[in-house]
Each structure stands twice: as structure tokens, then as C-alpha cells.
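Colleague: Let us go through this model together. Start with the ground rules, please.

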Amino acid sequence: STGHIGLECIDDSTYEGSASTCGPDGTFVEEIQTFRCPEYCVQCGPRGLGAALCLSTPTTNRDCDQAEYFDNNAIVCPDGQ
């Protein structure tokens with residue numbers, strides 16, 4: 001597994017996320033799964049990569065500009081694909 005990233009909060013502690021693995025042929029494989037935050041799930045903008053955040057407080061007073069990072073920077077498997 002290469003990890004997962006939140007897409008959208010389902011409720012105050014659960015979110016849908018994109019889980020990633022490197023397949024047997026070195027390609028990047030994504031699967032949508034449900035995950036649980038230890039405390040609070042906070043939605044940062046519309047559904048998208050990095051939009052569901054696990055935080056220790058239920059605040060939505062956050063600078064959400066960082067979510068665009070994943071739209072502009074590729075995530076690759078260790079073999080570079």
C-alpha cells in the first residue's frame with residue numbers, strides 16, 4: 001500500500017478516501033474505501049483529493065488552499081510510474 005487520502009466526510013468521524021497500491025506490473029491502483037478518524041472529520045471544500053481531514057477539533061476555520069497540491073503534483077509508484 002502507498003497509503004490513502006480523504007475525499008469527502010460521510011459524517012463527523014467517517015470519510016471516503018482513495019486507497020492506493022502499486023499493482024504487480026508497477027501501475028498505480030486506486031480503490032475508494034471508507035475510513036474512520038480518531039476524532040473529527042472536517043470537510044475542506046468540495047469532494048476531492050485531500051478534502052476530508054482528520055482533526056482533533058471540529059473546526060472548519062482552516063486554510064484549504066493546500067488541497068490543490070494533489071491536483072498539481074503526481075503521486076507515483078516506487079518504480080516511477
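Modeller: Strands are DSSP runs of E, at least two residues long, numbered from the N terminus. This is a predicted model: local features need pLDDT of at least 70, side-chain atom pairs count only at pLDDT 80 or more, and totals for chains, interfaces and linings use all residues. Residues are numbered from 1 along each chain as its sequence is written, and side-chain values use heavy atoms, with hydrogens and water left out.

Colleague: In β2, which residue is the bridge partner of G6?
Modeller: Strands pair if DSSP finds at least two bridges between them. β1 (residues 3-9) and β2 (residues 14-22) run antiparallel over 6 bridges. They form a hairpin with 4 residues between them. Within β2, G6 bridges to G17.

Colleague: And in β3, which residue is the bridge partner of A19?
Modeller: β2 pairs with β3 (residues 28-36), antiparallel, over 9 bridges. A19 has contacts (heavy atoms within 4.5 Å) beyond four places in sequence, including G3, V29 and F35. Its bridge partner in β3 is E31.

Colleague: Is G50 buried or exposed?
Modeller: G50 sits in the loop between β4 (40-43) and β5 (52-55). Buried means under 20% relative accessible area, exposed over 50%, partly exposed in between (1.4 Å probe, protein chains only). At a relative accessible area of 12%, G50 is therefore buried.

Colleague: What separates the C-alpha atoms of G50 and G17?
Modeller: Along the chain, G50 and G17 are 33 residues apart. Their C-alpha atoms are separated by 8.8 Å.
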